[in-house]
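Hi,

Here is the structure I promised to pass along. Please have a look at it below, and then read on for my notes.

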Amino acid sequence: MSARGQRSEHKRSNKEMDDYDIAVIGAGPSGVMAAWKAASAGSRTILLEKEENPGHKVCAEGVLDSALTDAEIDPTNDFVSSKIVGAVLYAPDESKKVDVKGAGFVLDKPRFLSILAERAKSSGAEIRYGATVDDIRRDSETVLVSGRKGNVPYAVRCKIVVGCDGVASLLARRFFNRDNYSVVAALQYDMLNCKIHDESRLHIYVGHHKAPSGYIWIFPKGHGEANVGIGVKGSNAKQLLDNFVRTHPEMFSEAVIQKSLAAPVPVSGEVTRYVQDNMMLCGDAAGQVIPLTGAGIHTGIAAGKIAGEVAAKAIAEGNFSASRLKEYQDRFDAYFGGRISNSLKALESFEKFSDDDLNIITEYLEGQDLVDMANGYSPTRAISLLVRHPLLAMKVAYQLLTS
Ligand SMILES: Cc1cc2nc3c(=O)[nH]c(=O)nc-3n(C[C@H](O)[C@H](O)[C@H](O)COP(=O)(O)OP(=O)(O)OC[C@H]3O[C@@H](n4cnc5c(N)ncnc54)[C@H](O)[C@@H]3O)c2cc1C
């Protein structure tokens with residue numbers, strides 16, 4: 001923009017306040033869905049994103065089919081890097097592995113988010129990229145959201161603000177209780193020239209020596225390209241990931257690291273309340289991630305979708321109170337809440353098993369049961385499969401029931 005253009009925008013933003021029904025902060029999976037649903041229901045909606053394009057944050061980009069079903073979008077080569085038919089979970093000593101079925105995709109997430117953002121725009125949402133939110137204030141009836149686009153200050157007044165602004169969410173830090181919110185560090189290499197023997201599956205490696213309280217992933221994107229990463233408690237993610245790459249020359253001896261990026265993943269479950277008067281919190285900001293897997297794209301999509309629908313209904317009714325907006329929390333909890341808390345229990349249990357225990361667990365459990373435990377469907381179901389190893393079964397049961 002020319003200096004003159006910048007000056008006139010500056011003058012305009014100082015002079016007048018833009019009014020909206022709903023302001024969504026952040027164009028990640030939850031934000032693009034919230035903006036779409038709110039705008040398509042007729043609410044005057046703005047989506048504010050600090051980056052110039054969506055999808056800046058590092059991600060392994062893996063989703064199951066059901067995530068796209070909830071996003072109401074058919075998979076196309078425009079945003080799908082590769083199709084996945086399942087996953088392989090390797091025991092700590094790698095002598096055993098469990099095959100897990102499950103159709104899904106490794107996305108090109110920046111493209112995916114751009115397409116979903118365009119859909120929101122076509123439904124009437126205004127999208128402002130490069131617009132960092134610096135301040136949020138609530139008065140009796142409305143919320144004032146202000147920030148900078150480049151060096152130019154702007155301010156937006158709205159009736160409902162939806163915080164989809166990720167782990168470091170300003171809205172969450174200012175207005176919500178996140179006392180129990182905790183994250184693990186995740187580091188990922190985008191690699192080329194890998195030799196992955198089966199590119200139609202995700203590859204997951206567990207073990208306290210490899211990845212304490214976490215795991216290493218290889219998500220193939222096709223033609224030797226892969227997202228190779230680690231999520232761990234503690235600070236030595238790089239050392240552990242480098243060690244894994246070095247000790248697997250069959251896959252990585254000729255591989256090249258194209259990009260290396262790190263970001264936190266919330267693993268402590270949802271925050272207790274994610275609505276306030278005039279305010280809603282979605283996705284990572286609200287801790288809506290499946291703790292054992294660190295997967296938050298699907299939960300974010302579902303949360304944003306429900307929040308956008310409920311916010312638009314609240315606007316139509318002229319009631320922006322927490323009690324009206326709570327429909328969002330109730331619907332999300334009914335859909336995902338139990339799975340998040342069960343997965344949290346499973347994560348806390350797995351942390352207590354030794355690598356030897358995990359080697360045995362990998363041998364005795366069926367693939368689908370591991371997935372069910374990881375996704376928090378029903379941790380108790382898996383216990384029955386350990387009858388051939390009663391001592392370990394008791395230990396698993398004890399951990400699951402006491403964590
Ligand atoms: C290394 C790694 C690998 C992962 N792999 C997977 C995976 O394979 N599958 C999966 O399901 N999940 C994965 N996740 C988790 C997933 O990325 C997140 O759970 C998901 O992106 C959360 O979506 P969100 O919309 O809540 O927030 P985010 O995707 O974090 O988006 C937040 C948006 O808000 C913007 N923003 C932040 N602050 C401001 C501000 N002040 N003003 C304006 N804009 C702002 C950011 O720029 C960003 O675009 C991974 C995470 C990491 C770190």
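To begin with a helix pair: H2 passes H8 in a right-handed crossing. Bear in mind throughout that this is a predicted model. H2 covers residues 29–40 and H8 covers residues 297–317, and their axes come within 7 Å of each other, crossing at roughly 25°. Angles under 35 degrees count as roughly parallel, so H2 is roughly parallel to H8.

Which residues make the contact? On the H2 side they are Pro 29, Ser 30, Met 33, Ala 34, Lys 37 and Ala 38. H8 contributes Ile 297, Gly 300, Ile 301, Gly 304, Lys 305, Gly 308, Glu 309 and Ala 312. Sorted by class, the contact of H2 with H8 comes out at seven nonpolar, four polar and three charged residues.

Next, the cysteines. The structure holds zero disulfides.

Finally, a loop residue. Ser 253 sits in the loop between helix H7 (249–252) and strand S16 (256–266). Is Ser 253 buried or exposed? Its relative accessibility is 54%, and because exposed means over 50%, Ser 253 counts as exposed. Ser 253 and Lys 195 are 58 residues apart in sequence, while their C-alpha atoms are 8.6 Å apart in space.

Happy to talk any of this through.

Best wishes

Terms used:
Residues numbered from 1 in each chain as written. Predicted model: local features only at pLDDT ≥ 70, side-chain atom pairs only at ≥ 80, totals over all residues. Heavy atoms only, no water. Disulfide = S-S within 2.5 Å. Axes fitted to C-alpha atoms, helices over the stretch in contact; angles between N-to-C directions. Helix = DSSP H or I, 4+ residues; strand = E, 2+ residues; numbered from the N terminus. Parallel < 35°, antiparallel > 145°, perpendicular 65-115°, else oblique. Left-handed = near helix turned anticlockwise from the far one by under 90°. Contact = heavy atoms within 4.5 Å. Nonpolar A, V, L, I, M, F, W, Y, C, P; charged D, E, K, R; others polar. Buried < 20%, exposed > 50% of the residue type's maximum accessible area, 1.4 Å probe, protein only.
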